[in-house]
Amino acid sequence: MSKIDFDEAQAGIHSIIEFALTMPDLDEEAHFLENYGLQVERENGILKLRTVGSDHVWAKILPGEKKRLVYVTAGCYEEDFDRIRQQILTAGGVGTDPHPAGEANGFWFRDPHGRLMQLKVAEKTMPDNKSAMGDMNIQSNVRGAPARSAAGGTAPTRLSHMALFTPDVTEAIDFYTKAFGVRLADRSGDIIAFTYGRHGSDHHLFAFLSGGGIGLHHASWDVPSVEQLGLGNTHMRAVGYDRHWGPGRHVLGSNYFNYVKDPFGQWWEYSCHIDYIEKDADWVIANFSDEDALYLWGPDMPEDFPTNVELE
């Protein structure tokens, strides 16, 4: 283990603002996402994804021949924008035209592996502190669980993080720590690494997973309790989506998890109570062995879980 080097970059992003995917059947994907607990709006031939009670558009689903990550937008403070833009160019990012589905403002670029990214000035969507988990300590003489018919569904509150496939984990860490000013939280050799935002962040904003090329492994959505995570598992199975990993608990990030695979090979994670790293915290980086890197408890990982289907 080692302490963080605070000199990776002079400025850093604070949040993930938005991402876009293509899917071959928007109606089928909308059915999945609505059952998953997201608010789905159809507009001009695309799907816009929000969480319940929020106007923020977290993701856009575009029509395409197959599942593919299109772009990711990261947010920064206005006073940091010019400095981060220069960091991106110095680290090897190449400026490019905006994607038609995104906003034309900000700075669009491709990273050294060809991934399309956008930097823009935006309000921080990552919380400033760790949320308390719902109280699961039930007193005596109180019925702790509702009837199943009265339990309700699961409603994610926000996007927590994204796990991005990369052809080279070390190269990805090198670029994004220099360009976006994120910091390394933990890693497992050259298999996976987790980076967080310096302005106060969940244990990871971006995870980088070895996958033979670029792509999206999963998008992770925060739910307020383990109970909500379990209800999501039960509901998704009940409506026919039975390809899961979880419930379980991770080691890196410590979050409780349940992954659900959509009809086109994309994993969507319910996440609860992930580690939080405060601004300027003296976090200690760990490099875990393979046996410790994935989960503390839970079912065996599906064989196809690490597969980058965007290369197929």
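On a 1 Å grid over the protein atoms alone, a cavity is a set of points where a 1.4 Å probe fits but cannot get out, and a pocket is an open set with protein on both sides within 12 Å along at least five of seven lines; a lining residue has an atom within 4 Å of a point. Grid points are joined across faces, edges and corners, and a volume is the space filled by probe spheres set on the points. The structure described here is a predicted model, in which local features need pLDDT of at least 70 and side-chain atom pairs count only at pLDDT 80 or more, while totals for chains, interfaces and linings use all residues. Residues are numbered from 1 along each chain as its sequence is written, and side-chain values use heavy atoms, with hydrogens and water left out.

**Cavity and pockets**

A search of the whole structure finds 1 cavity of 30 Å³ or more. Its lining consists of S15, I16, W58, T125, M126, L159, S160, H161 and L205. The largest share, 3 residues, comes from β10.

The table sets out the volumes and the classes of lining residues. Ala, Val, Leu, Ile, Met, Phe, Trp, Tyr, Cys and Pro count as nonpolar, Asp, Glu, Lys and Arg as charged, and the others, Gly among them, as polar.

| Space | Volume | Lining by class |
|---|---|---|
| Largest pocket | about 360 Å³ | 13 nonpolar, 7 polar and 2 charged residues |
| Second largest pocket | about 240 Å³ | 6 nonpolar, 4 polar and 2 charged residues |
| Largest cavity | about 40 Å³ | 5 nonpolar, 4 polar and no charged residues |

The largest pocket has 22 lining residues, and I192, L209, L294, M301 and F305 lie nearest its centre. At least two lining residues come from each of β10 (158–166), β12 (192–196), β14 (206–210), β15 (215–222) and α5 (290–293). Strand β14 supplies the largest share, 3 residues.

The second largest pocket is lined by A145, P146, A147, R148, A151, G152, G153, E227, L231, T234, H235 and A238.

M301, one of the residues nearest the centre of the largest pocket, lies in the segment after α5. With a relative accessible area of 28%, M301 is partly exposed; buried means under 20%, exposed over 50%, and partly exposed in between (1.4 Å probe, protein chains only). Beyond its neighbours within four places in sequence, M301 is in contact (heavy atoms within 4.5 Å) with W245, L294, Y295 and P306. M301 and N105 are 41 Å apart in space, C-alpha to C-alpha, and 196 residues apart in sequence.

**Nonpolar cores**

A nonpolar core is a set of buried Ala, Val, Leu, Ile, Met, Phe, Trp, Tyr and Cys residues joined through side-chain atoms within 4.5 Å. The largest has 54 residues, of which F19, M162, F180, F206 and W268 touch the most other members. Helix α1 (residues 26–36) gives this core its largest share, 5 residues.

Not counting residues up to four places away in sequence, F206 touches I13, I16, V72, M117, M162, L164, F180, A193, F194 and T195.

**Helices α1 and α3**

The buried residues of α1 are L26, E29, A30, F32, L33, N35 and Y36. In α3 (residues 169–179), the buried residues are V169, A172, I173, F175, Y176, T177 and A179. An α-helix has 3.6 residues a turn, so residues three or four places apart point the same way.

At the start of α1, a side-chain oxygen of D25 reaches to within 3.1 Å of the backbone nitrogen of D27. At the start of α3, a side-chain oxygen of D168 reaches to within 3.1 Å of the backbone nitrogen of T170. Just after α1, G37 takes a positive phi of about 120°, and just after α3, G181 takes a positive phi of about 70°.

**Two buried strand residues**

K48 is found in strand β4 (residues 46–50) and is buried, with a relative accessible area of 15%. The side chain of K48 makes a polar contact with the side chain of E43 (2.7 Å). A polar contact is a pair of N or O atoms within 3.5 Å; within protein, one must be able to donate a hydrogen and the other to accept it, and residues adjacent in sequence count only if both atoms are side-chain atoms. Residues up to four places away in sequence aside, K48 touches Q39, V40, E41, E43, V57, A59 and K60.

S271, in strand β18 (residues 267–272), is buried, with a relative accessible area of 0%. Leaving aside neighbours within four places in sequence, S271 is in contact with S220, W221, D222, V223, N255 and Y256.

Definitions and conventions:
Helix = DSSP H or I, 4+ residues; strand = E, 2+ residues; numbered from the N terminus.
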